[in-house]
Amino acid sequence: MKNAHGPGGRRFGRPGGWQQADVPDTSDAADWFGGRLPDDWFTGPATVEVDREEIVVVGELPPVESGDSGSEAAADGRIARFRESTRAFRMRIADEAEMRYGRKVAWGVTLDGRTSLFTHLAVPVMTRLRQPERKVLDTLVDAGVARSRSDALMWTVRLAGRHSEQWLAELREAMAKVDELRADGPQI
């Protein structure tokens, strides 16, 4: 596969669009974490989600013993034990991944169908909205659905994401195709 390079050998574009031009490639992140994580931490391969700022690694913990089955307190204890006993090693892996991928790493676990994320980023996003859009956010705040415009915007984005997952997946596939075409383009 060819790479499109500009003056001084600088590559144009990145997977995911022009906004990520200076961010290291993460296409092998799931494989890297799969090889780096201890085999006994999770019941299967961890899920690795990547965006521009963060890599979130979530693994499935073994189920709670039958005597404690269904106990939320037992699940909370299991999660707390995992978090504490693996902290130093997770931090070391996160430091290595941050050097490799240029993004912060957050951790989480799934146990008995419940996902618990450890320290993860909440990234501020600046946006300018006209009055009709502000009215939507203010209605959500006034109705008690959200505490603030920021919370209302987060709620709206989550709702849109849930109801348009197929369309977003198709859009991501199309962006990947554009990245391939850009990489295979003529060398200038």
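Is aspartate 28 buried, partly exposed or exposed, and what is its relative accessible area? Aspartate 28 is partly exposed, at a relative accessible area of 27%. This residue belongs to a predicted model whose protein chain holds five helices and four strands.

**Overall architecture**

- Read from the N terminus, the elements of the protein chain follow the order α-β-β-α-β-β-α-α-α.
- The protein chain has 188 residues, of which 27% are buried.
- Among contacts in the protein chain with a separation of 6 or more, 58% are between residues 24 or more positions apart.

**The sheet**

- Four strands form an open sheet in the order S1-S2-S3-S4, and their pairing is mixed.
- Strand S1 (47-50) and strand S4 (114-117) are the edge strands, each pairing on one side only.
- On average, and with direction ignored, neighbouring strands of this sheet are turned by 20° against each other.
- Strand S2 (residues 54-60) and strand S3 (residues 104-111) run parallel and are joined by seven bridges.
- Glycine 59 has valine 109 in S3 as its bridge partner.

**Helices on the sheet**

- Helix H2 packs on the sheet and touches S2, S3 and S4. The direction of H2 makes about 155° with that of S3.
- Helix H1 (residues 29-36) lies across S1, S2 and S3. Relative to S1, helix H1 runs at about 140°.

- The whole structure contains nine salt bridges.
- One of them joins aspartate 28 to arginine 100, with the closest N and O atoms 2.7 Å apart. Aspartate 28 is in the segment before H1 and arginine 100 is in helix H2, so this pair ties together parts that are 72 residues apart in sequence.
- Arginine 100 counts as partly exposed, at 40% relative accessibility, and aspartate 28 is likewise described as partly exposed.
- Another salt bridge is formed by the side chains of arginine 114 and glutamate 72, at 3.9 Å from N to O. This pair also links distant parts of the chain, since arginine 114 is in strand S4 and glutamate 72 is in helix H2, 42 residues apart.
- Arginine 114 is partly exposed, with a relative accessible area of 28%, whereas glutamate 72 is exposed, with a relative accessible area of 55%.

- Arginine 87 and glutamate 84 meet through their side chains in a salt bridge of 2.4 Å, N to O.
- Arginine 87 and glutamate 84 are three residues apart in helix H2, so about one helical turn separates them.
- The relative accessible area of arginine 87 is 31%, which makes this residue partly exposed. Glutamate 84 counts as exposed, at 52% relative accessibility.
- Salt bridges with shared partners connect Glu72, Asp76 and Arg114 in one network.

**A buried arginine without a salt bridge**

- Arginine 90 is located in helix H2 (residues 72-101).
- Although arginine 90 is buried, it has no salt bridge. The nearest side chain of opposite charge is that of glutamate 84, 7.0 Å away; a salt bridge requires a side-chain nitrogen of Lys or Arg within 4 Å of a carboxyl oxygen of Asp or Glu, so glutamate 84 does not qualify as a partner at that distance.
- A polar atom of the arginine 90 side chain lies 2.7 Å from the backbone oxygen of arginine 83.
- Leaving aside residues up to four places away in sequence, arginine 90 touches Trp41, Phe82, Arg83, Trp107 and Phe118.

**A loop residue with positive phi**

- Aspartate 112 is found in the loop between S3 and S4.
- The phi of aspartate 112 is positive, about 50°, although the residue is not a glycine.
- At 45% relative accessibility, aspartate 112 is classed as partly exposed.

Conventions
Residues numbered from 1 in each chain as written. Predicted model: local features only at pLDDT ≥ 70, side-chain atom pairs only at ≥ 80, totals over all residues. Heavy atoms only, no water. Helix = DSSP H or I, 4+ residues; strand = E, 2+ residues; numbered from the N terminus. Buried < 20%, exposed > 50% of the residue type's maximum accessible area, 1.4 Å probe, protein only. Lys, Arg positive; Asp, Glu negative; His and termini not counted. Polar contact = N/O pair within 3.5 Å; in protein donor to acceptor, adjacent residues only side chain to side chain. Contact = heavy atoms within 4.5 Å. Pairing = 2+ DSSP bridges. Axes fitted to C-alpha atoms, helices over the stretch in contact; angles between N-to-C directions.
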